[in-house]
Amino acid sequence: MRRSTLLLLSLGLSASAFAQTKPTTTPDPIITKMVEDISEKNLRDDIDKLVSFGTRHTLSDTKSKKRGIGAARNWVEDEFKKYSKASGGRLKVEQDTFTIKPDGRRINRPVVMANVMATLPGTDPTDKRVFIVSGHIDSRVTDVMNATADAPGANDDGSGTVAVMELARVMSKQQFPATIIFVAVQGEEQGLYGSTHLAKRAKKEGWNLVAMLNNDIMGSSTGHDPEIKDDKRLRVFSEGVPATETPDEARVRRTLSSENDSPSRQLARYTRVACQQYVPGHEVVLEYRPDRFLRGGDHTPFNQQGFSAVRFSEMNEDFRHQHQDLRTEKGEEYGDYAKFMDFPYLRKNTGVNLATLAALALAPAAPENVGVLTANLTNRTELKWDAPKAGEKPAGYYVLMRETSAPEWQQKFFVTDTKADLPHSKDNYIFGVVSVDAEGHESLAVLPKPVR
Ligand SMILES: [Zn+2]
């Protein structure tokens with residue numbers, strides 16, 4: 001959460017409330033090194049390999065070794081296994097299979113699907129936090145039921161899939177206290193089946209899933225109609241009102257107008273700061289809506305299960321190269337080919353994912369039971385919270401603050417106590433609290449709930 005424009009202030013508290021040493025505010029060299037390790041060549045080669053399977057349609061061949069979704073899944077699994085070997089076997093690789101019955105829409109026969117997963121278990125047994133990063137392996141052409149025509153799916157969503165693979169390769173060489181799952185999900189184009197399966201599994205098995213990053217269409221920097229070239233910005237979509245909001249929560253949200261402060265929105269803000277810190281010259285654009293206009297993606301089922309999840313997509317899309325039969329029409333070429341992609345841009349976008357995941361997985365867990373005291377009418381703000389129960393003990397906490405009309409945090413205050421009393425009115429500001437360790441790794445921000 002270190003922005004050049006974000007003021008870092010100290011509170012006028014007693015000396016005992018200050019740490020002798022404040023958290024570092026310079027970038028973590030380990031994260032910087034990992035971002036540098038992301039290989040443009042690997043991303044390019046992996047896209048070419050994915051495209052070589054002809055089609056990766058969910059209803060395509062699973063027997064062939066060369067063509068179809070089965071061969072593609074097996075290849076991703078084999079690549080994950082190579083990275084696992086390089087990591088001393090720490091990366092656990094599996095195909096998580098499940099059967100989907102005909103749904104009267106985009107599934108016309110029972111289909112066995114599989115998410116290809118590589119799990120890097122956390123090194124701290126008391127730290128149960130899980131982070132997921134995904135892309136979807138399946139592809140399609142104009143007719144969503146056409147399982148035989150060539151559907152290269154280079155950008156949609158070869159881009160997300162190879163980003164996940166490269167993240168697994170680079171990050172599995174490092175140790176993180178929390179668990180990170182790298183996954184190529186299947187069945188997105190037929191109805192978000194793979195991500196729905198994984199989100200429900202996470203819910204059913206009680207995973208402490210802190211954040212899910214969905215990468216879908218994030219490797220081309222040129223939009224069409226109008227023509228726009230933008231290789232310096234990446235969009236992140238996040239829900240405002242949580243999909244699982246209860247009537248009680250809705251009442252509080254309306255009272256405080258906190259529709260811009262859902263946990264997923266805090267995650268989105270976090271990605272923007274991680275980008276500023278670790279991918280210089282690149283920018284995350286916060287899109288204050290769950291997805292593109294009237295559309296959804298693999299983060300949606302996670303939101304529906306109550307998890308924080310966001311979507312990364314390129315700044316401007318070219319719809320001639322998505323969901324299209326391969327053809328030339330009036331001199332224009334249609335089809336999702338690698339030649340329309342921008343690999344330096346994909347590399348930077350992969351770096352944003354890495355910086356976000358690494359910073360979060362290295363940080364202490366977020367503070368718990370964060371509350372803002374409302375017993376007295378004052379022009380101050382009193383906050384209190386509990387230290388996270390498990391994992392690394394925070395070096396302290398940042399209280400984040402912004403005006404109610406400001407889209408992003410404007411000021412931060414460091415405290416070592418689990419409470420803060422600020423000479424700024426809760427009537428005029430929004431607050432958040434994050435845990436931070438000595439190296440400056442920060443948790444996601446937690447919005448305080450009113451307490452008496
Ligand atoms: Zn897609």
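Visitor: Is His323 buried, exposed or partly exposed?

Guide: His323 counts as partly exposed, at 22% relative accessibility. Keep in mind that this is a predicted model.

Visitor: Where does His323 lie?

Guide: In the loop between strand S11 (309-314) and strand S12 (327-329). His323 has a positive phi of about 50 degrees, although it is not a glycine.

Visitor: And what about Asn369, what is its phi?

Guide: The phi of Asn369 is positive, about 50 degrees, and Asn369 is not a glycine. Asn369 lies in strand S14 (residues 368-373). At 58% relative accessibility, Asn369 counts as exposed.

Visitor: Changing topic. How is the protein divided?

Guide: Into domain 1 (3-27 + 366-451) and domain 2 (38-362). Their centres, taken over C-alpha atoms, are separated by 32 Å.

Visitor: How many residues are in contact between domain 1 and domain 2?

Guide: 20 residues of domain 1 are in contact with 23 residues of domain 2. The two domains bury about 1700 Å² between them, and 56% of that is on carbon and sulfur atoms.

Visitor: Why quote an area for an interface?

Guide: The size of an interface is often given as the accessible area lost when the parts come together.

Visitor: How many salt bridges are there between domain 1 and domain 2?

Guide: Two salt bridges are counted between domain 1 and domain 2. There are also six residue pairs in polar contact between these domains, with both residues at pLDDT 80 or more.

Visitor: What about Asp261, which side chain does it meet in a salt bridge?

Guide: The side chain of Arg402, at 2.7 Å from N to O.

Visitor: How many salt bridges does the structure hold?

Guide: The structure holds 31 salt bridges. In one of them, Arg201 pairs with Asp96, and the closest N and O atoms are 2.9 Å apart. This pair links distant parts of the chain, with Arg201 in helix H6 (residues 193-204) and Asp96 in strand S2 (residues 92-100), 105 residues apart.

Visitor: Is Asp96 buried or exposed?

Guide: Asp96 is buried, with a relative accessible area of 10%. Arg201 is partly exposed, with a relative accessible area of 21%.

Visitor: Which residue does Arg272 meet in a salt bridge?

Guide: Glu283, with 3.1 Å from N to O between the side chains. Arg272 is in helix H8 and Glu283 in strand S10 (residues 283-287), so to speak distant parts of the chain, eleven residues apart. Arg272 is buried at a relative accessible area of 13%, whereas Glu283 counts as partly exposed at 33%.

Visitor: And Arg253, what does it form a salt bridge with?

Guide: Arg253 pairs with Glu245, the closest N and O atoms being 2.5 Å apart. Arg253 is buried, with a relative accessible area of 17%.

Visitor: Which residues are linked in a network of salt bridges?

Guide: Asp216, Arg235, Asp291, Arg292, Arg311 and Glu317 are linked that way.

Visitor: On to helices. Which residues of H1 are buried?

Guide: Ile31, Met34 and Val35 are buried in helix H1 (residues 29-37). These residues are on the same side of H1 because they cover an arc of only 100 degrees around the axis. Pro29 and Glu36, on the other side of H1, are exposed.

Visitor: What covers the buried residues of H1?

Guide: The cover includes helix H4 (158-171), helix H8 (263-278) and helix H10 (343-362).

Visitor: What caps the N-terminal end of H1?

Guide: Asp28 does, with a side-chain oxygen 2.8 Å from the backbone nitrogen of Ile30.

Visitor: Last one. Where is Asn349 found, and what does it touch?

Guide: Asn349 is found in helix H10 and is buried, with a relative accessible area of 0%. Leaving out residues up to four places away in sequence, Asn349 touches Met218, Leu234 and His282. A polar atom of the Asn349 side chain lies 2.9 Å from the backbone oxygen of Met218.

How values were computed
Residues numbered from 1 in each chain as written. Predicted model: local features only at pLDDT ≥ 70, side-chain atom pairs only at ≥ 80, totals over all residues. Heavy atoms only, no water. Buried < 20%, exposed > 50% of the residue type's maximum accessible area, 1.4 Å probe, protein only. Helix = DSSP H or I, 4+ residues; strand = E, 2+ residues; numbered from the N terminus. Arc of directions from axis to C-beta. Contact = heavy atoms within 4.5 Å. Polar contact = N/O pair within 3.5 Å; in protein donor to acceptor, adjacent residues only side chain to side chain. Domains from an automatic or database assignment. Buried area = accessible area lost by both parts, 1.4 Å probe. Salt bridge = Lys/Arg side-chain N within 4 Å of Asp/Glu carboxyl O.
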